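Trainee: Please take a close look at a single part of this model. I would like the salt bridges and how they connect.

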Amino acid sequence: MPHWLQLMLDSLPTLLWAALIFTVPLTLLSFALGLIAGLVTALIRLFGPKPLVLLARFYVWIFRGTPLLVQLFLIFYGLPSVGILLDAFPAALIGFTLNIGAYTSEIIRAVIGSVPKGQWEASYSIGMTWSQAMRRTILPQAGRVAVPPLSNTFISLVKDTSLAAAITVPEMFQAAQRIVATTYEPLILYVEAAALYLALSSVLSALQARLEVRLNRYGGFLEANA
């Protein structure tokens, strides 16, 4: 067996374990919390009082306008200087959540704004309150439109979690770095890590495509092509 293939096979369990224990949980938790933050931020920007709107816009401006890696460094390495100490995983989780929240808020704000005004009027005409109209009429329609961009954000997040290695989170990429430090085979190990990220992203892309087809079956963001 070639040396490079043997090295990949020997390293595979370590990389997969790091992905299972750190990469996948970090991705899922960050996206779920970021989606909640994005929804709240979007609703504030659309319907909130002006002071909160300005605060929400400032938050989005900061986290969309600065590099994610810099944000992680500020949280993990910068906050201790003001007495706030965080372990690596919580620091990464906070950084990814705030970053994802800023981006998803713009997606959610756009898709809610794309729902025709007549849908609000129809909801009010049958006695719905604002919250009922939002929950039963607006968000279901907006959700179908939001699936492609939110799915793309989720897939990008899977790859972005590799940045957590810079703040010592032992996720898949840092596991590869540690093996490189002992084997001195960076090309082989980094190609293997890249292949694993590619495989994971490909699976998620396939699931996204199937979800879009399923939603199109009932109308929604692809109904114009039906």
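Mentor: A salt bridge here is a side-chain nitrogen of Lys or Arg within 4 Å of a carboxyl oxygen of Asp or Glu. By this rule the count comes to three. The model is predicted, so local features need pLDDT of at least 70, side-chain atom pairs count only at pLDDT 80 or more, and totals for chains, interfaces and linings use all residues. Residues are numbered from 1 along each chain as its sequence is written, and side-chain values use heavy atoms, with hydrogens and water left out.

Start with E106. Its side chain meets that of R45 in a salt bridge, at 2.5 Å from N to O. This pair links distant parts of the chain: E106 sits in helix α4 (residues 88–114) and R45 in helix α1, 61 residues apart. Helices are DSSP runs of H or I, at least four residues, numbered from the N terminus. E106 counts as buried, at 17% relative accessibility. Buried means under 20% relative accessible area, exposed over 50%, and partly exposed in between (1.4 Å probe, protein chains only).

R64 also forms a salt bridge with E106, with the closest N and O atoms 3.4 Å apart. That pair again links distant parts of the chain: R64 is in helix α2 (residues 50–65), 42 residues from E106 in helix α4. R64 is partly exposed at 42%.

R109 pairs with E106 as well, its closest N and O atoms being 3.0 Å apart. The two are three residues apart in helix α4, so about one helical turn separates them. R109 is partly exposed, at 29%. Through shared partners, salt bridges join R45, R64, E106 and R109 into one network.
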